[in-house]
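Biologist: I have a structure on screen and some questions about it. Can you take me through the answers step by step?

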Amino acid sequence: MKRLILVANVLVVASMLLSACATPTPEVIEKVITKEVEKIVTQVVKETVKETVIVEGTPKVVEKEVTKIVEKVVTPTPAEGPKGGGEIVMADMETNTMNPYIASEAIARGVIALVNRGLVGIAPDGKWFPAMAAEVPTIENGGITDDGKTITWKLRPGLKWSDGTPLTSDDVKFTWEAVSHPESTATQTQGFYLIEDVETPDELTAVVHYKEFYVAWVTQFALGLLPKSAGEPAGMGEWEWNRTSNPTNGPFILTEWVASDHMIFERNPYWWEEGKPYLDKIYYPIIAELETQRQMLLAGENDAHHWLSKDYIQMMLDAGMTVKYSSSPYWKRIQFKLSEFGDDRPSPPAKPHVILGDPKVREALTYAFNREEICYDYLEPIFPLSMFFKGDFNCEDELKALKPHEYNPERSMALLEETGWKDEDGDGVRECHGCMYAEEGTPMRMAIGGFSGWGQEDNQAVMVENLKAVGVDSYIQNVEATVLYGTYGEGSPARRGEFDILYWDYELGADPHSKAEDFYATWRIPNAENPGGFNCTRISDPQIDEWMKIAGSTPDVATRHEAYCNIAKKITTEIYSELSLGMGMSSNASSQRLKGWEANETYMPFSVYGWDAENWYIEE
Amino acid sequence: MSRYIIRRLLEAIPLLLLVSIAVFSLLQLVPGGPMGVYGRNPNLTQEGLENLQAKLGLDQPLHIQYLRWLEKALQGDFGHSYDTRRPALVEIGDRLPATLLLMTFTFVIVLLISIPAGVLSALKQYSAFDMVVTGLSFAGQALPVFWVGLVMMLIFYAWLKNPVTGKGLLPAAGMYTLGQPFSLVDRIKHLILPSATLGLAWVSWYSRYLRSSMLDVIHQDYVRTARAKGLRERVVIFKHALKNAAIPLVTVIAMDLRTFFSGSLFTEQIFSWPGMGRLFYRAAERRDYPVLMAVVMMTAVIIILSNLLADIVYAYLDPRIRYE
């Protein structure tokens, strides 16, 4: 017994010692932050000088404008006044990496935006603005050639990485080299493999040559820039830089990261905007649970919380918090499988789906679903008629005139009767009596697939009721989100065509083309030989394919608009392969003292919550 | 005894091999895979996906993947996390100290409470004290850990406030308060809620086990003999009875020692404790096979060693036990 007591005492002492020294060693990223009283700012000015030009053996003296780089000493203006200084706490989930081209989750992109910026950014209104670039390239300013295959990016003069070294066009080129390297393990590769070369005629100019016209060129370097000093492209997956983000070019620098516990960000003295960022420090406790984050905000231990669900908005407002909104990036829809369940081919050659193979049945079902009821939990929902409803490619007016997607159960039932689906035995479920593809007497029963969690089942339950009201029996059959959105090889039921009706969502991104192609082009039907793509309904329409090629081969907005709207009309009013549901508002909250932030999540992955961190300030 | 220990250690080798095959196979059978986290990523091209799979070795047949893993694991390299691209052992090394701290602190408190509670409960069988302890034990065993944790957070963080600071009476998350210098008090305050959540079930189990085995032992002849010889009651109980009554408890504690490594998934998730439980949860969610394999294999080693330790402790507690 004495020994037991002795052991217990030793354990108590050991635990006290452990509590003092068992803290996981933080990855302290040592940065010597020297606040310079004087620093050299490089500016570009134009001067006229005389130069001697030798032409054909005859010396000629000509005058011409020559651009010269002039160095001048500037005293930096420290952050002062009510907007300067202070620290905030921003509790959120953990990122897996600080490399913008390896990070895939929304949370990672939000954290990375605090420390790393790309050539351009996107504002809440969908307009691209120059970030590290001096301007957004256009045909007018000579930034884009007529064929759209060469894009000239001009950097802002005087940019520096957080270690004081110049940020130049070589870093833009390096970003391409690293991301496009086959061994880099990059996950944000869209467009990089289409780049033939990046020229760097001077330190401020990067000329990107594409092998073919890339319609989403403006997004190419929007996620961030990688410093040449980070490491070799082939080893990008294992760079220490992915953990330290040192050096970086954003308004803040990461100075400490204790795995799964917290991160600390401090002002970057080399941020290009004079006087910004306003904040000195951001403490980032890594909190796994949204409920805990909310409670911390209410308790005054947290200054910012995003992804605030609708149920908590009033609570936050009542507690005096600031709540702001932006359109959610997630577009929800219901999709119908056109070919037989489990067959990954389009029809033909696959057999048509025994129920949904008949386009009139699909049309009937689009009248059965009550979109407002299904999306009952959306905050201020909007109900676009197709994916083409944003910015320059908005087709809503054209589609509205055709009046699709109206909730009309009577019309739905009438159409189902016409298609040979009738409830002759009076059990409330229709059977096939002269329908197009099913055997006589086959009940009209289908699975509604989706992903589990996040309240999905509640929305699907409404769908089941909507279908029941028109005599269609259905049941919910969900899988994990990572399974549903996974690859063909990993058995994603969506990609493998193992569904009847699918209820899910997708990020649309800033430019519609890549997703439109993924969803509707024949060559994006996933199968064992070609596992990519998200044309899970198995649409295979030559006309849609043709319009898709037109839209993807020209920078002309009007031509693209017309092509996309034709696609939308055909899908919405002839093929009926899907029903566009809705999207709600994404809401974020902050403490009263945190000012200067704007919600901006509509165009993820390019718009995220850290996008304007340099403007955040404290007002007590 | 040494030969016994060596023999047990050698027997562990084929066992661990079988465990690795079983775990690897089961992971492959789970729906989805490591690329599932990128499925919603609109910027990952097919070419990028194929390059990623090739670099991570996921394009190889399963038996090749397993053999490559085994070859590296035998050299102490458990591969790189698919999620963070860092070595799996580094990911574990970052979280293990936090788990050790939480588990050690909890374990000490649990023993300090459950041993006296179990002993006294047995000695004062059917008394008011016994009834209260028994009732609390049943409640502790019945209540789910995640529920207890959330209720604790609700009461001690959301409802009860520190009269001085106005903030929650006890912290809801993390290991320490950011931005403040080191404080032992602060560290302990952050330990209280997760430890209490975790410890409640342990105290319930251990006190019940001990009560049950004490009741068997205190009515044995040798205990009666000890009393008859005039030994003080404290000596009879703690030197003679408890030593034998502790044997079943040692078995249970040995099985729980693995949590010193594997942590507690629910408690760490609820209180955002940066330990092994959260690492395992995140790895499972993302099908991060290298990290999962590393955690499971190390847990298997811990279980084998802790069972061996239990056998050694048995021999100490009961001199009649001999190992060939």
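Biologist: In what order do the three strands of the open sheet in chain A stand?

Modeller: Keep in mind that this is a predicted model. The pairing in this open sheet is antiparallel. β7 (150-154) and β8 (195-202) of chain A stand at the edges, each with a single partner strand, so one side of each has no neighbour in the sheet. The order is therefore β7-β9-β8.

Biologist: By how many degrees does this sheet twist, on average, from one strand to the next?

Modeller: The twist is taken from one strand to the next and averaged. The value is 20°.

Biologist: Which residue of β9(A) stands opposite A:Asp197?

Modeller: β8(A) and strand β9 (residues 205-210) of chain A run antiparallel. Five bridges join them. In β9(A), the residue opposite A:Asp197 is A:His209.

Biologist: Which helix packs on that sheet?

Modeller: The helix touches β7, β8 and β9 of chain A. Its direction makes about 165° with that of β8(A). This is helix α3 (residues 169-180) of chain A.

Biologist: Does β12 of chain A pair with β4(A) in the parallel or the antiparallel sense?

Modeller: Strands of a sheet pair through backbone hydrogen bonds, either parallel or antiparallel. With β11 (residues 262-267) of chain A, β12(A) pairs in the antiparallel sense over five bridges. There, A:Met263 has A:Tyr284 as its bridge partner. With β4 (residues 87-89) of chain A, β12 (residues 281-285) forms three bridges, and the sense is parallel.

Biologist: Do the buried residues of α10(A) lie on the same side or on opposite sides?

Modeller: The buried residues of this helix (409-418) are A:Ser412, A:Met413, A:Leu415 and A:Leu416. They cover an arc of only 160° around the axis, so they lie on the same side.

Biologist: Which exposed residues does the face turned away from the buried side of α10(A) carry?

Modeller: The buried side has its cover, which includes α7 (359-368) and β16 (421-422) of chain A. The face turned away from that side carries the exposed residues A:Glu410 and A:Glu418.

Biologist: Now to chain B. Is B:Arg278 buried or exposed?

Modeller: B:Arg278 sits in helix α12 of chain B. Leaving aside its neighbours within four places in sequence, B:Arg278 is in contact with A:Ser260, A:Ala288, B:Glu268 and B:Gln269. A residue needs 20 or more C-beta neighbours within 10 Å to count as buried. B:Arg278 has 27 inside 10 Å, so it counts as buried.

Biologist: Which element gives the largest share of the side of chain B that touches chain A?

Modeller: The contact takes 58 residues from chain B and 63 residues from chain A. Among the elements of chain B that give two or more residues are α4 (88-123), α7 (184-217) and α12 (276-285). The largest share is eleven residues, and it comes from α4(B).

Biologist: Which element of chain A has the lowest mean pLDDT?

Modeller: Chain A has a mean pLDDT of 87, and 87% of its residues reach 70 or more. β9(A) has the highest mean of its elements, 98. Over residues 30-65 of chain A the pLDDT is below 50. The lowest mean, 42, belongs to strand β2 (residues 39-55) of chain A.

Definitions and conventions
Residues are numbered from 1 along each chain as its sequence is written. Chains are lettered from A and ligands numbered from 1 in the order in which they are written. This is a predicted model: local features need pLDDT of at least 70, side-chain atom pairs count only at pLDDT 80 or more; totals for chains, interfaces and linings use all residues. Two residues are in contact if their C-beta atoms, placed from the backbone, lie within 7 Å. Helices (H or I, at least four residues) and strands (E, at least two) are DSSP runs, numbered from the N terminus. A residue is buried if 20 or more other C-beta atoms lie within 10 Å of its own, exposed if 12 or fewer, and partly exposed in between; C-beta atoms are placed from the backbone. The arc is that of the directions from the helix axis to the C-beta atoms. Two strands pair if DSSP finds at least two bridges between them. Axes are lines fitted to C-alpha atoms, for helices over the stretch in contact, and angles run from 0 to 180 degrees between N-to-C directions. pLDDT is the predictor's confidence in each residue, from 0 to 100.
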